[in-house]
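Start with the open space, then turn to the side chains.

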Amino acid sequence: MLIENQTINIKWGGRNKQYYSDKGYPFTKLGDEFTINVIDLPRNSDKLIKIKCDNCGEIISVKNKRYFDAIEKYGDYFCCHCTQKRTIDIRSAKHFSAIDNFCKSNKYILKTNKNEINSLDSKITYLCPSHGEQTTTVTSILQGKRCYRCSRETVAEKAKQRNLYERQMYWYQ
């Protein structure tokens, strides 16, 4: 949240003369310093402004452009510590949804809770209907890897079918 009644000193220049004159600031001469309210800064300005983190309340200095980009994208501004927490929460929710869909499509019963997922290396536990409790990582599930034993059985069955086919082709030649 932008802190109210902040002012900043800037200099008159050829690029900002018309902009600040239109905002009601009296022009003196090029190169002179004058004081403006930070609300009147152009949106893409790189001047530092003081803001209050919308999550923890910490007061920090940030570039005007970065602040407005965050407001436009998220609707609020978080300090770097709170941003990390928000990113982890967003990613874990996204990953949990993908893991839940994966388990449902493969008829697995998910045993891991949503709050236990905090990185791609987090351990996921589920019950395979054929082989019982299995443990893997978020990355493996996102890559579509099924229960290890089920996948080995599938590979063995395909190999068996391929060998049978090759034997039949050999005898018919």
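Which element gives the largest share of the lining of the largest pocket? That element is α2, with five residues. Some ground rules come next. The model is predicted, so local features need pLDDT of at least 70 and side-chain atom pairs count only at pLDDT 80 or more, while totals for chains, interfaces and linings use all residues. Residues are numbered from 1 along each chain as its sequence is written, and side-chain values use heavy atoms, with hydrogens and water left out.

Now the terms for open space. Rolling a probe the size of a water molecule over the atoms shows where empty space is left. A pocket here is an open set of points on a 1 Å grid over the protein atoms alone, where a 1.4 Å probe fits, with protein on both sides within 12 Å along at least five of seven lines; lining residues have an atom within 4 Å of a point. Points are joined across faces, edges and corners, and the volume is the space filled by probe spheres set on them. Helices (H or I, at least four residues) and strands (E, at least two) are DSSP runs, numbered from the N terminus.

The largest pocket has a volume of about 260 Å³. Its lining holds 15 residues, and the closest to the centre are Arg66, Ala70, Tyr77, Phe78 and Thr83. Two or more lining residues come from each of β4 (59–63), α2 (64–74) and α3 (80–105). By class, the lining has eight nonpolar, two polar and five charged residues. In this scheme Ala, Val, Leu, Ile, Met, Phe, Trp, Tyr, Cys and Pro are nonpolar, Asp, Glu, Lys and Arg are charged, and the others, Gly among them, are polar.

Look at arginine 66. This residue lies in helix α2. Its relative accessible area is 56%, so arginine 66 is exposed (buried means under 20%, exposed over 50%, partly exposed in between, with a 1.4 Å probe and protein chains only). Its C-alpha atom is 9.7 Å from that of leucine 48, 18 residues apart along the chain.

The second largest pocket has a volume of about 180 Å³. Its lining includes Ile10, Arg15, Tyr19, Leu41 and Asp46. The elements giving two or more residues to this lining are β1 (7–11) and α1 (17–22). Five of its lining residues are nonpolar, two are polar and four are charged.

Now the charged pairs. Side chains of opposite charge can pair when their charged atoms come close. With a salt bridge taken as a side-chain nitrogen of Lys or Arg within 4 Å of a carboxyl oxygen of Asp or Glu, the count is six.

Glutamate 72 and arginine 43 form one of them, at 2.9 Å from N to O. Glutamate 72 sits in α2 and arginine 43 in the loop between β2 (33–37) and β3 (48–52), so the pair ties together parts 29 residues apart in sequence. Glutamate 72 is exposed at 64%; arginine 43 is partly exposed at 37%.

Aspartate 76 pairs with arginine 86, again with 2.9 Å between the closest N and O atoms. Aspartate 76 is in the loop between α2 and α3, and arginine 86 is in helix α3, ten residues apart. At 16% relative accessibility, arginine 86 is buried.

Lysine 104 and aspartate 100 meet at 3.3 Å, N to O. Both lie in helix α3, four residues apart, about one turn of the helix. Lysine 104 is exposed at 58%, and aspartate 100 is partly exposed at 23%. Finally, salt bridges with shared partners join Arg43, Lys65, Asp69 and Glu72 into one network.
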